[in-house]
Amino acid sequence: MASRFPARLFAAGEEPDARFSLANERTFLAWIRTALALLAGGVALEVLGLGMQPGLRLAASIMLIVGGLLAALQSWVGWIRVERALRLGRALPPAAFSLPLVAIVGLAAVLVLLGVLLA
């Protein structure tokens, strides 16, 4: 059998039911799509301008881009944590960065709203 990455993860515990591993992979991909959407939204907000107050627009763009980076990190960390829990027969862990992501997206939304109202 070919080695799998990360080898240290796959060396621990027992192979879980493939359906659970595939569901974990789909969740990983959903986090990646979320990261891409946040990055694209941040870039588009800054490039298009949309008649907003420039300082608030830039701040919201940066917040969305940081959120995209955090969501990408969540995808990897979350996949590893869940895969390890599946392999060791433990309870599934919660998403590590969900609360900071909610705060970032909420703050970006407030900045966009203020940027439009103050333009």
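Student: Which residues does Arg87 touch, not counting residues up to four places away in sequence?
Tutor: This is a predicted model, where local features need pLDDT of at least 70, side-chain atom pairs count only at pLDDT 80 or more, and totals for chains, interfaces and linings use all residues. Residues are numbered from 1 along each chain as its sequence is written, and side-chain values use heavy atoms, leaving out hydrogens and water. Contact means heavy atoms within 4.5 Å. On that basis, Arg87 touches Arg4, Leu9, Phe10, Ala12, Gly13, Glu14, Glu15 and Pro16.

Student: Is Arg87 buried or exposed?
Tutor: Buried means under 20% relative accessible area, exposed over 50%, and partly exposed in between, with a 1.4 Å probe and protein chains only. Arg87 has a relative accessible area of 6%, so Arg87 is buried.

Student: What separates the C-alpha atoms of Arg87 and Asp17?
Tutor: The two residues are 70 apart along the chain. Their C-alpha atoms are separated by 9.2 Å.

Student: Which side chain of opposite charge is nearest to Glu83?
Tutor: Lys and Arg count as positive, Asp and Glu as negative; His and the chain ends are not counted. A salt bridge needs a side-chain nitrogen of Lys or Arg within 4 Å of a carboxyl oxygen of Asp or Glu. Glu83 is buried yet has no salt bridge. At 4.5 Å, the nearest side chain of opposite charge is Arg87.

Student: Which helix holds Glu83?
Tutor: Helices (H or I, at least four residues) and strands (E, at least two) are DSSP runs, numbered from the N terminus. Glu83 lies within residues 54–88, which form helix H3.
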